[in-house]
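Here are a few exercises to work through with the structure open. Try each task yourself before reading the solution.

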Amino acid sequence: MSVIQVKNLNKTYQVPEREAGLIASMKSLVKRKYKEVKAVDGITFEIGAGEVVGFLGPNGAGKTTTLKMLSGLLYPTSGEGSVLGFTPSKRDKNFLKQITLVMGNRQQLSWDLPALDSFDLNRAIYGIADADFKRTRDELIALLDLGELVKKPVRNLSLGERMKVEIVGSLLHLPKVLFLDEPTLGLDVTMQKRLREFIVEYNKRYGATVLLTSHYMADVEALCKRVIVIHHGKILFDGDLSGLVQRFSSYKTLGVTLESNGVDLSSYGDVVWQDGLRATLRINKTEASRVTAKLLNELSVYDLTIEDTPIDDVIEKVFAQG
Amino acid sequence: MKDLFSYYIGMFRLSVLEEFQYPVSAAFYMIDMVAEPIIYLVVWSSVAQSNGGTVGGYTAGTFAAYYIVWMLVRNMNIVFTPYGWEHRIRHVRLAMALLRPIHPLHNDIAWMAGWKVIAITLWIPIAAIMVWLFQPTFNPTWYQVVAFFVAIWGAYLVRTMFQTTIGLITFWTTRVSAIFELYFAGELLMSGRLVPLSLMPSWVRTLANYFPFQWTFGFPIEALIGNLTPAQLIYGLGAQVFWILFGVLIVNVFWGFAVKRFTSVGN
């Protein structure tokens, strides 16, 4: 059963524009020029209950606009969107009580007070029973290893710590649908990993549906089986991550460690990098098994690995084609 | 309703806690607040004395009473301003508020109500010093005290509704300061903030009847220190209820259009 249904959804912004300088500025006072920008251009997709879907695209592709429309922040210009059976733009209270939108720059907590005080306010906002609130709060604090940090004023927390307490605040009402917009933005590698583990655990424990945008492909690989790629407001791809790699990647990467120095490997494929005994080759996907067998036959090989194209390269290629 | 009450208590508490974080700032704010009524008080007391002791029925003592109560009313009718709306629209705050299953207006009413706890606590010693310095004349009856207590909350809500309406204009213009200044000028003249309304020319008093301003300053003050009859007090409280309901209507109509225009700028 689909939890999120999007049919031919559009969002067009009217953006004022003018040349630089005083004269242009004065002209714009009399007659203002507007440009129509199609941020989202007729997208259609469905997401089932419990799915974790990566929503990918370059800056300005329409990812955040889509998330904002699905969470009821923005009115669509046309088309239909449905989340948990609600029309998001109507901003029904029962709808808002079942979703959350986490943005990398979100600020819902009181800056000067410990997060615990703000959590308590969320209990009142979402009408959470005392016992449920305490259990969920403590569970989320434990899952994110927050410990005593929730007792410190938010302004005294680091960016990563603040992001984690913001996430706890966003999930206290145990939303069924999570819209995550760059949740790992600006976090260090350890914190990113912790957050990914947390999202996996939350999804497993509560069966939540997650739609996630991220520029970090590690997030996508760790969390999403399915990805939707959007560019210039249009969907370029919707399917399994592995399918995306299959479709848009024409080569494999061969890592080889030889037993002797100074071997010319150019006849086996494109040499991306070579340093003494070790080298990386790029070979056509269809040629991979033949080239590998030939290489093993002809050279003394100490170690050999074959890898699919890095997901970043695949995505780059998708965007280039878009 | 129970959830809403619980939210008001929670937000009120959060606001008080946050104000406690900055007691020095709050104290300096109060000093700033004292300057305006003291200027009015000194000017009008001098005018009264040079006029043989009274101006329009006000003596130096009743002027003192007017402006000391003025300070409390001013603290009570401080609301979330259109500048606040401007700030929350230009930054991430409004987007966050819209994600909550509660109207941001409830947030503002509860938050600013909590803020008053500190402001009024700091007002008490200042008022005591002013009483000692300026010797106010006033002998309110019990029903005046009751009416005053209700009226200061009425003033708070009337002002909240109209400043929220102006604040909502930011959905169209992003900046609203010019319109707010216009509102402020009207309030200064027609509310009893600058001078008791009875001392204003008759055309200003006539004009004031068509605006909500007098119910946010002059009426609560007069309710405590004036010679209003019980009927006049009830009429005044009724007028406040009328303007609150009118304000709620305008805010709701505006809100319906405003959220559709929200473009979530800057986030």
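**Exercise 1. Work out how much area chain A and chain B bury between them, and what the interface is made of.**

Solution. Keep in mind that this is a predicted model.

Step 1: start with the area. Chain A and chain B bury about 2,900 Å² between them, with 58% of it on carbon and sulfur atoms.

Step 2: count residues. On chain A, 32 residues are in contact with 26 residues of chain B.

Step 3: look for charge pairs. Between chain A and chain B there are 2 salt bridges. In one such salt bridge, the side chains of B:Arg13 and A:Asp117 meet at 3.1 Å, N to O.

Step 4: see which elements of chain A do the touching. Helix H3 (93–96), strand E5 (99–103) and helix H4 (115–125) of chain A each give two or more residues to the side that touches chain B. H4(A) brings the largest share, 8 residues.

Step 5: sort that side of chain A by class. You get 14 nonpolar, 8 polar and 10 charged residues.

**Exercise 2. Find out which way helix H3 of chain B runs relative to helix H6 of chain B, parallel or antiparallel.**

Solution. Step 1: take the axes of H3(B) (residues 60–76) and H6(B) (residues 104–134). They come within 9 Å and cross at roughly 170°.

Step 1: angles over 145 degrees count as roughly antiparallel, so H3(B) is roughly antiparallel to H6(B).

Step 2: check who meets whom. From H3(B), the residues include B:Ile68, B:Met71 and B:Leu72, and from H6(B) they include B:Trp115, B:Ile120 and B:Trp123. By class, this contact has 14 nonpolar, 1 polar and 1 charged residues.

**Exercise 3. Show which parts of chain A the salt bridge between A:Asp41 and A:Lys234 ties together.**

Solution. Step 1: get the distance. The closest N and O atoms of A:Asp41 and A:Lys234 are 3.0 Å apart.

Step 1: A:Asp41 sits in strand E2 (residues 34–48) of chain A and A:Lys234 in strand E9 (residues 234–240) of chain A, so the pair ties together parts 193 residues apart in sequence.

Step 2: Over all chains, the structure holds 23 salt bridges.

**Exercise 4. Which residues is B:Ile250 in contact with, leaving aside its neighbours within four places in sequence?**

Solution. Step 1: locate B:Ile250, which is in helix H12 (residues 230–261) of chain B.

Step 1: with those neighbours left aside, B:Ile250 is in contact with B:Phe162 and B:Thr165.

Step 2: compare sequence with space. B:Ile250 and B:Thr165 are 85 residues apart along the chain, yet their C-alpha atoms are separated by 6.9 Å.

Note on methods: Residues are numbered from 1 along each chain as its sequence is written. Chains are lettered from A and ligands numbered from 1 in the order in which they are written. This is a predicted model: local features need pLDDT of at least 70, side-chain atom pairs count only at pLDDT 80 or more; totals for chains, interfaces and linings use all residues. Side-chain values use heavy atoms; hydrogens and water are left out. Axes are lines fitted to C-alpha atoms, for helices over the stretch in contact, and angles run from 0 to 180 degrees between N-to-C directions. Helices (H or I, at least four residues) and strands (E, at least two) are DSSP runs, numbered from the N terminus. Angles under 35 degrees count as roughly parallel, over 145 as roughly antiparallel, 65 to 115 as roughly perpendicular and the rest as oblique. Contact means heavy atoms within 4.5 Å. Ala, Val, Leu, Ile, Met, Phe, Trp, Tyr, Cys and Pro count as nonpolar, Asp, Glu, Lys and Arg as charged, and the others, Gly among them, as polar. Buried area is the accessible area (1.4 Å probe) that two parts lose on being put together, summed over both. A salt bridge is a side-chain nitrogen of Lys or Arg within 4 Å of a carboxyl oxygen of Asp or Glu.
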